[in-house]
Amino acid sequence: MTADPTTGTRTSAALFGMPLDAVTMDEAVARCRDALERREPMTVGVVNAAKTVRLRKDAALRESLLECDILLADGQAVVWAGNLLGYPLPERVAGIDLFTSLLATADTEHRSVYLLGAEQSVLDALVDVLTTKYPGLRMAGAHHGYFNESEEESIARAIRESRADMLFLGMPSPRKENFLRRWEDVLDIPIRHGVGGSFDVLAGITKRAPERWQRAGMEWAYRLLQEPRRMWRRYLTTNTAFLILLARERFRTTPPYPRPEKLPTPRKHHG
């Protein structure tokens, strides 16, 4: 575990080789607000059971997460695993809950946000919801998530030009992590948070599991009930692989992954 230089307390644990920050939701929000005040970059990364399994073989995803400024336990299974393996995490800090907390901050402090991801119809619905629920929030811009790699640079530069305080990416892993890593120096946005399917939830397209399901670590099962044909195979293989990985970790701890070398900033294309 590493120490917070301002307090001397231990703040992160090398769990499954990844430096997870041992913080509460309030502490995570406070760190983001501090970055906003200083207008310093704060890339938020989140890890759940599925991502823990995937990053073992997906080097690009792993390196993108390692470069995050704060890495949070998004899944209850990860919190339980930390407790079992001797790396206690104070609580689950779900990406969607941090998302809504930061939206509330934007509302009260009149901060601006940029939304990137989802289908255009979902994005339009989300903008309507957010501007109604958070009237103090300023919408700096929005762009759907159905773009190809050749369009990334122009989108990243448009986000930069928006001068938004916060960027939220409603895209799947590892696409959102890789986008943030590739265009980190171009974006010039203090808060960058990949929120996955949260756009669909907040827009009212899909339902989130009730709180008691969340506390029981069964959010995945609730989603499975909503989309059994599409999700059953993914959850069966992922959950099984996570349990096997956890059992192995009891006997042979994964050493901390080294922080990757910083990617060079892509050159701006002309013509």
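Trainee: In which handedness of crossing does α1 pass α5?

Mentor: Happy to start there, keeping in mind that this is a predicted model. The axes of α1 (residues 25-38) and α5 (residues 95-109) lie 10 Å apart. As α1 passes α5, the crossing is right-handed.

Trainee: Is α1 roughly parallel or oblique to α5?

Mentor: The two helices pack at an angle of about 45°. Angles under 35 degrees would count as roughly parallel, and roughly perpendicular begins at 65. That angle therefore makes α1, relative to α5, oblique.

Trainee: How many charged residues does the contact of α1 with α5 have?

Mentor: On the α1 side are M25, A28, V29, C32, R33 and E37, which meet D97, L98, S101, L102, T105 and E109 in α5. By class, six residues in this contact are nonpolar and two are polar. The number of charged ones is four.

Trainee: Now the sheet: which are its edge strands?

Mentor: Six strands form an open sheet with parallel pairing, in the order β5-β4-β9-β8-β6-β7. An edge strand here pairs on one side only. Those strands are β5 (70-73) and β7 (138-143).

Trainee: In β7, what is the bridge partner of V113?

Mentor: Strand β6 (residues 112-117) runs parallel to β7, and five bridges join them. For V113, the partner in β7 is M139.

Trainee: And at what angle does α8 run to β8?

Mentor: Helix α8 (residues 175-182) lies across β4 (42-47), β6, β8 and β9 (191-194). Its direction relative to β8 is at about 145°.

Notes: Residues are numbered from 1 along each chain as its sequence is written. This is a predicted model: local features need pLDDT of at least 70, side-chain atom pairs count only at pLDDT 80 or more; totals for chains, interfaces and linings use all residues. Side-chain values use heavy atoms; hydrogens and water are left out. Axes are lines fitted to C-alpha atoms, for helices over the stretch in contact, and angles run from 0 to 180 degrees between N-to-C directions. Helices (H or I, at least four residues) and strands (E, at least two) are DSSP runs, numbered from the N terminus. Angles under 35 degrees count as roughly parallel, over 145 as roughly antiparallel, 65 to 115 as roughly perpendicular and the rest as oblique. A crossing is left-handed if the near helix is turned anticlockwise from the far one by less than a right angle, and right-handed if clockwise. Contact means heavy atoms within 4.5 Å. Ala, Val, Leu, Ile, Met, Phe, Trp, Tyr, Cys and Pro count as nonpolar, Asp, Glu, Lys and Arg as charged, and the others, Gly among them, as polar. Two strands pair if DSSP finds at least two bridges between them.
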